[in-house]
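I keep this notebook for looking things up in one structure at a time.

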Amino acid sequence: MTPTPYIYQTLQVTGGEPRLTSAHLLALGEWASRLFDVDYAPELAAFEQRVKRLVSEERYPDSLSSFVRVEVDTDGEEHLLPAGISLYNGYTLRSITPSAAIIRYDLPFCEGHTSVRESAAQFATLQAQLRGADIAIRSNVKGECVTADDAPLFALRGGWAATSSTREDAEAALTRHIIESEGLQFMPEPLNEENIFDFDELFYIDHRGVTSIGQCNGHIYMSLKAERIARQIENFFH
C-alpha cells in the first residue's frame with residue numbers, strides 16, 4: 001500500500017500558547033494549494049484551540065515547551081499529532097553541539113516540508129552518520145548549504161551573516177529579522193560549500209530551538225553570538 005503524501009509543520013507551544021501559528025498556517029496553505037490543489041485555511045483562533053486541547057490531553061508540562069505536528073493530506077484534511085516535549089522552555093540555545101557532514105542532494109518537487117523531504121532528510125542523516133558525523137548539512141545542486149538536520153542554517157562572522165534557507169520557513173524568517181536587528185548584515189551571496197568554512201559560527205533553528213554546530217567536515221566552529229540571538233528570538237514573544 002502506497003503511503004498518502006502529506007505536507008507538515010511542527011509548532012512550538014510555550015506557556016500554553018502555540019508560536020508563529022500564522023506563519024506556519026500560511027506555509028501549509030501555500031503548499032497545499034501548490035502541490036495538492038486544495039484549500040487549507042483554518043480560522044486562526046479555532047486552530048489554536050485545537051492545538052491547545054491536544055497539548056492538554058497529552059498532559060504536557062507547562063514548565064517546558066512542547067511540540068505539535070500539523071499534517072495536511074492530499075484532500076486538505078488536517079491531522080494534529082503530539083510530537084513530544086522539549087528539554088527547554090522556548091527558543092533557547094540547546095546544550096548539544098553536533099558535528100556535521102555536507103551531503104549534496106536536491107529535494108524533489110519543492111522546498112516545502114513534504115513527506116518526500118522528510119524521507120530524504122532521514123536518508124541524508126544516515127549518510128552523515130556513516131561519515132562519522134551526527135547530522136547532515138544539505139547542499140543543493142548549486143552547492144548552496146540550505147539546511148542542517150533539516151532545519152534552516154545560518155552562518156556568522158564578525159558583522160556578517162549568511163544563509164541559503166528559504167524565507168518561507170517560519171523560524172527562518174524570524175531569525176533573519178533578529179539577526180538584522182542585532183546590526184549584522186546578510187552577505188549577498190548564499191551560504192555554500194566554498195564559503196561555509198570562512199565563518200566562525202554555524203547554527204540552525206526550528207521548533208526545537210537554536211542549535212550551534214561544533215564542527216563540519218572536520219572544521220571547528222565557535223558559539224559566540226548564537227546564544228544572544230536565541231535570547232533575542234525568545235524576547236520577541238515577550
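**Entry 1: ground rules**

I am working with a predicted model, in which local features need pLDDT of at least 70 and side-chain atom pairs count only at pLDDT 80 or more, while totals for chains, interfaces and linings use all residues. Residues are numbered from 1 along each chain as its sequence is written, and side-chain values use heavy atoms, with hydrogens and water left out.

**Entry 2: the largest pocket**

Rolling a probe the size of a water molecule over the atoms shows where empty space is left. On a 1 Å grid over the protein atoms alone, a pocket is an open set of points with protein on both sides within 12 Å along at least five of seven lines, whereas a cavity is a set where a 1.4 Å probe fits but cannot get out; lining residues have an atom within 4 Å of a point. Points are joined across faces, edges and corners, and a volume is the space filled by probe spheres set on them.

I looked up the largest pocket and found a volume of about 520 Å³. It is lined by 27 residues, and Tyr8, His113, Asp150, Asp206 and His207 are the closest to its centre.

Which elements supply the lining of the largest pocket? Strands E1 (6-14), E6 (135-139), E8 (151-157) and E11 (201-206) and helices H3 (115-130) and H4 (170-181) each give at least two residues. H3 gives the most, five residues. Helices (H or I, at least four residues) and strands (E, at least two) are DSSP runs, numbered from the N terminus.

By class, the lining of the largest pocket has ten nonpolar, eight polar and nine charged residues. In this count Ala, Val, Leu, Ile, Met, Phe, Trp, Tyr, Cys and Pro are nonpolar, Asp, Glu, Lys and Arg are charged, and the others, Gly among them, are polar.

**Entry 3: the cavities**

I searched the whole structure and got two cavities of 30 Å³ or more. The largest cavity has a volume of about 70 Å³. Its lining includes Gln9, Trp31, Glu111, His113 and Arg117, and by class there are two nonpolar, four polar and four charged residues.

The second largest cavity holds about 50 Å³ of space. Among its lining residues are Glu111, His113, Arg117, Val146 and Pro152. The classes here are two nonpolar, four polar and three charged.

**Entry 4: aromatic rings**

A pair of aromatic rings is described by the distance of the centres and the angle of the planes. Rings of Phe, Tyr and Trp (its six-membered ring) pair if their centres lie within 6.5 Å; planes under 30 degrees apart are stacked, over 60 edge-to-face, and the rest tilted.

The structure has five aromatic pairs. Why is the pair of phenylalanine 154 and phenylalanine 203 called stacked? Their ring centres are 5.6 Å apart and their planes stand at 15°, so the pair counts as stacked. Phenylalanine 154 is in strand E8 and phenylalanine 203 in strand E11, so the pair ties together parts 49 residues apart in sequence. Both are buried (under 20% relative accessible area; exposed is over 50%, partly exposed in between; 1.4 Å probe, protein chains only): phenylalanine 154 has 0%, and phenylalanine 203 has 0%.

The rings of phenylalanine 236 and phenylalanine 237 have centres 5.3 Å apart and planes at 90°, so this pair is edge-to-face. Phenylalanine 236 is partly exposed at 45%, and phenylalanine 237 is partly exposed at 25%. Together with Tyr91, Phe236 and Phe237 form one aromatic cluster.

**Entry 5: glutamine 232**

I found glutamine 232 in helix H5 (residues 226-235), partly exposed at 24% relative accessible area. Leaving aside neighbours within four places in sequence, glutamine 232 is in contact (heavy atoms within 4.5 Å) with Ile178 and Glu182. Its side chain makes polar contacts with the side chains of glutamate 182, at 3.5 Å, and asparagine 235, at 3.0 Å. A polar contact is a pair of N or O atoms within 3.5 Å; within protein, one must be able to donate a hydrogen and the other to accept it, and residues adjacent in sequence count only if both atoms are side-chain atoms.

**Entry 6: two positive phi values**

Phenylalanine 109, in the loop between E5 and H3, has a positive phi near 80° without being a glycine. Is phenylalanine 109 buried or exposed? Its relative accessible area is 79%, so it is exposed.

Aspartate 150 is also not a glycine, and its phi is positive at about 60°. It sits in the loop between strand E7 (145-148) and E8, and is buried at 19%.
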